[in-house]
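Dear colleague,

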Amino acid sequence: MSDVFGISVSALQAFQQAINVTSNNVANASTPGYDRETVNLTEAIPQPDGGATIGAGVVVSGINRAYSQAAANQLNTSQSTLGQLSALQNYSSQIDNLFGTTIGGLSTALQGFYSAFSDVANNPTSTASRQALIGQAQSVASSFQNASGELSSLNTDVNSRITADVTQINSIAKAISTLNNQIVTGTAQDGGQQPNELLDQRDQLVSSLSQLVGISTTTDPNGALNVFVGNGQPLVLQGQVTSLTTVANQFNATQLEIASSASSAVISNNITSGDLGGLLAARAQVINPAMNQLGQVATALSQTVNSQQAQGMDLSGNLGAPIFSVGTPLATGSSHNTDAVTASVTVDPNGLGALTANDYVLSFVGGTPKLTNTADGTSVTPVGTGTGPYTAAGISIVLSGVPANGDQFLVQPTASAAGSLKVVLSNPSQIAAAGAVKTAAAGSNTGAATISPGTVLNSAAANLLAPVTIAFTSPTTYTINGVGPNTYTSGGNIDFQGWEVQISGAPANGDTFTVSSNAGGTGDNRNALIAANAQNVGVLQNGTTSITGGISALITGLGSQAQQINTAQTAQAAVNAQALTSVQSTTGVNLDEEAASLLQWQQAYQAAAQALSIGNSLFTTLIDSVNGTFT
Amino acid sequence: MRITETMNQTQFLNSINLLESGINQTQNQMSSSLSFTTASQNPTGAGSVNNYEQALAQSQQYATNAQSAQTNLSTEDNALSQVQSQLQALRNLALEANSGILTNSNLSAIATQAVQIQNSLLALGNTQNGNGEYIFGGFAAQTQPFTLSATGATYNGDQGQRQVQIAAGQTVSDGDNGDTVFNQIKTGNGTFTVAAATGNTGTGIVGATTVSNPALYDGGTYTITFPTAGTYQVNEGPTIVANGSYTDGGTIAFNGVQVTLSGQPATTDSFTLAPSTNQSLFTTVQNLVSALQTGISSSASSTAFNNSINGAINNIDQALNQSSNVRTTIGGRLNSITTQQSVATSQQTQLQQSISNLQGLDFASAITTLDQQNTTLSAALQAFTLTQGLSLFKFL
């Protein structure tokens, strides 16, 4: 008889607990990281009394949380990839938006610059058109500077986000280690019962961590979770945290790298996912390459314009001064170098075709120089020994001393060019629109030969502008300034003192031609014509790509990169939504389901209460009947 | 599968974000009338548009260049046409002076007119264009090319000729230097000259001279003498090249050339046939002016006067020829500019078309897209509100 009370009370207690668990589920339906919980009901074991056994009711043997390690791992991995792509996309789309379809007006400015050169060619004596050309040159330079400034500020942003990420990673790691301790103690105290709330919190932290950096985890038998980043560097081991730190890049103090505080070894290369991985990738794959490519075009522009200037003559009869200046390429010794040898780099004036937008590491191992392309890891052995010059890839590197074994230098041929491009010519009359030399046939010539206007081969030649007489000593021979005879070929090149002319046709004996300085030739536009046409001349990529072509290629390159990253990010967002769905369908709370459970437990509770009431009335009946008998 | 609150919310937010960013992009397209405003929306398109725009800017620049060349060439053509009319006037004066009926005072009046023409020609040689450049100075565009001298004019310019780019790989000269136009003019008939010796006492006058067979003329210098009255002899140095009987107004022919002599040369007279040399137009004019100013003082000087006026007329004809040759090349250049301009115009239309095809917005399809996106968005919103209303708790 007393069984019914015991059984019913056990049921009432169990169902109340079940209702509590369900209410808790409802309460946490929107709590991030909450895993749905269910009660484990088990039959109570009755005391054997030798007869037929009747159950002893129900007991709550545990409260389980719905959790799938596999699904959670999948979601964490997917979140890391998404975090990486989102950070990458943030930067690539910022560049995409800032640059638009003209690199922030750069391509328009370049068109204006070359057009202005053409205007000078049309009207070489006009100060107004020369002034306009300088104005256009300035707008080209400031377009390059702006684009480079935008990229630099993105790099600064990357640094501050790296610092913030590392701080956050460390604080999450600390929290995980604390939870580890609590879980280990809690599990031990509760006799093996899982502390669900602590586990939920820890899983949620791991999930947040996976958005910041790619991680792998292992669980110890005592319930502690170990977290590893990168290539297996421990971040959390039980209650122990090995925090991450930021250190300056060994070559470039303005770029932060990630190191493990244990060994202070740089582990940036191993961090390839999560927001942190995305930041490093944005810098290495998007921002720096864009800076280098811009710099490559800026270098080519400056060199071609200036060298054309040098071959021409300005209004005052001087050889042209440079229009642009561009900072010297960067070459930085590693902070790990054991000596103070410094490197300086120049771009080979004739090496524009070989100049790339890549960075290189020049290293010396066992005295052998090696130039390694940081983009693809390929390396070449540069020509040169001792302190140099070492030449390869269109650059020439000179060292201040003999490098020690293991010395490394980061060589960035074009990284600083776009930001340092400046207009250094301010006097409009200094634009060298005219050719440096002019030619003339003597009026007394009786032959029919003509002389070409003359071009400059080497503007540095000492006697370039000294007057020279080419005199024919017979229809087939000539002397230059009395030296000869040389054999005449109609249309053949005559090179002398840095210039080149062609004489064609049939000269007569005694005919003379002169080549002299073009000072005063202010109406000449030969040099400006060539300069205006330079936009179509291939100088980059082994002479296959012109300067404006380089800009178009840069626009397409950056655009496709941004497009590709957008696509990958969108795809990964879908994958992530899928992983989230998979986790949620296991661990999440469905309110309808909980409502049904509530109903179920309510009815069970009511039934148990009814059972108790029936027990009570049975007992009353018995008492009453006993009372009646005895009255 | 269990659908949870979080799933519902997340999925809804994700899809609303996607739909709204789609609408945002379409709105951007429509407000800018461009089908893409960043390179990522169409990377190859953006690169191509950049190339097209560069080609367009270049083509427009070529048009500007062509216009500038056109202006300069028209200025030159105009100057040369005036040079021609001045030379024609001078030639008429020379013919008039050579008519044999004029007195020295008449000649001096003609000389005055000739000097005026000389000044006009000098002014024409120093023509400046709208930018103040001397068009006949060669490269030395800011130096006055011609200054008068005792023997004609000094040329201070050079032999430069400016080129202007009117199309990719095509340049035209936007002028000619004064040396070519005014100085490099062959004397005589363009191949050789025949001049009377200064001491001639007879009345022999040089008439028409021609090259009858260019292959036979060797460019040598010949002397025509008259050993006896009625005979002539042609020498190249000591070598006798030809001889025969002299007829007044007859033709002496040898080695591919023909010379007409009239009048009665004396036996001591001689004429020299020499290859043409270059002579400045201004020297020719100066020589004519000097001859006119000197006038006629005797029968011998009358013959010399006639010969020198004839020579001057020959040289003026050569100068006229030179001017008209130069004007012909100017016409040719103007023609190629015009051709190039029409090519450039259609090229520009083509390029603008290409740019608009790539980057221009098809409004009809953009509006349709926007409409679709709006419909989808409102459907998604409605679906969310509808499903949010569904909860078992409502029925408890």
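In this predicted model, helix α3(A) passes helix α4(A) in a left-handed crossing. The axes of α3(A) and α4(A) come within 8 Å and cross at roughly 160°, and since angles over 145 degrees count as roughly antiparallel, α3(A) is therefore roughly antiparallel to α4(A). On the side of α3(A), the residues that make the contact include L106(A), L110(A), F113(A), F117(A) and V120(A), while on the side of α4(A) they include L133(A), Q136(A), V140(A), F144(A) and A147(A). When the residues of this contact between α3(A) and α4(A) are sorted by kind, they divide into 13 nonpolar, 5 polar and 2 charged.

Taking the two helices one at a time, α3(A) covers residues 106-122 of chain A, and its 17 residues should span 24 Å at 1.5 Å a residue, which agrees with the 24 Å that separates its end C-alpha atoms. Helix α3(A) is also mostly covered, as 16 of its 17 residues are buried. Helix α4(A), in turn, has 63 residues and reaches 92 Å from its first C-alpha to its last, which is close to the 93 Å expected at 1.5 Å a residue. After α4(A) comes G191(A), whose phi is positive, near 60°.

Which helix does α4(A) pack against at an angle of about 160°, with the axes 9 Å apart? It is helix α5(A), made of residues 196-212, and the two are therefore roughly antiparallel to each other. The crossing of α4(A) and α5(A) is left-handed. Among the residues that make this contact are I169(A), I172(A), I176(A), L179(A) and I183(A) of α4(A), together with L198(A), L205(A), V206(A), L209(A) and L212(A) of α5(A). The contact of α4(A) with α5(A) divides into 12 nonpolar, 5 polar and 2 charged residues.

Finally, please look at where the two chains meet, a contact that takes 51 residues from chain B and 61 residues from chain A. On the side of chain B, the elements that give two or more residues are α1 (5-32), α2 (43-97) and β3 (163-167), and the largest share, 13 residues, comes from α2(B). The residues on this side of chain B divide into 18 nonpolar, 27 polar and 6 charged.

With best wishes

Terms used:
Residues are numbered from 1 along each chain as its sequence is written. Chains are lettered from A and ligands numbered from 1 in the order in which they are written. This is a predicted model: local features need pLDDT of at least 70, side-chain atom pairs count only at pLDDT 80 or more; totals for chains, interfaces and linings use all residues. Axes are lines fitted to C-alpha atoms, for helices over the stretch in contact, and angles run from 0 to 180 degrees between N-to-C directions. Helices (H or I, at least four residues) and strands (E, at least two) are DSSP runs, numbered from the N terminus. Angles under 35 degrees count as roughly parallel, over 145 as roughly antiparallel, 65 to 115 as roughly perpendicular and the rest as oblique. A crossing is left-handed if the near helix is turned anticlockwise from the far one by less than a right angle, and right-handed if clockwise. Two residues are in contact if their C-beta atoms, placed from the backbone, lie within 7 Å. Ala, Val, Leu, Ile, Met, Phe, Trp, Tyr, Cys and Pro count as nonpolar, Asp, Glu, Lys and Arg as charged, and the others, Gly among them, as polar. The expected span of a helix is 1.5 Å times one less than its number of residues. A residue is buried if 20 or more other C-beta atoms lie within 10 Å of its own, exposed if 12 or fewer, and partly exposed in between; C-beta atoms are placed from the backbone.
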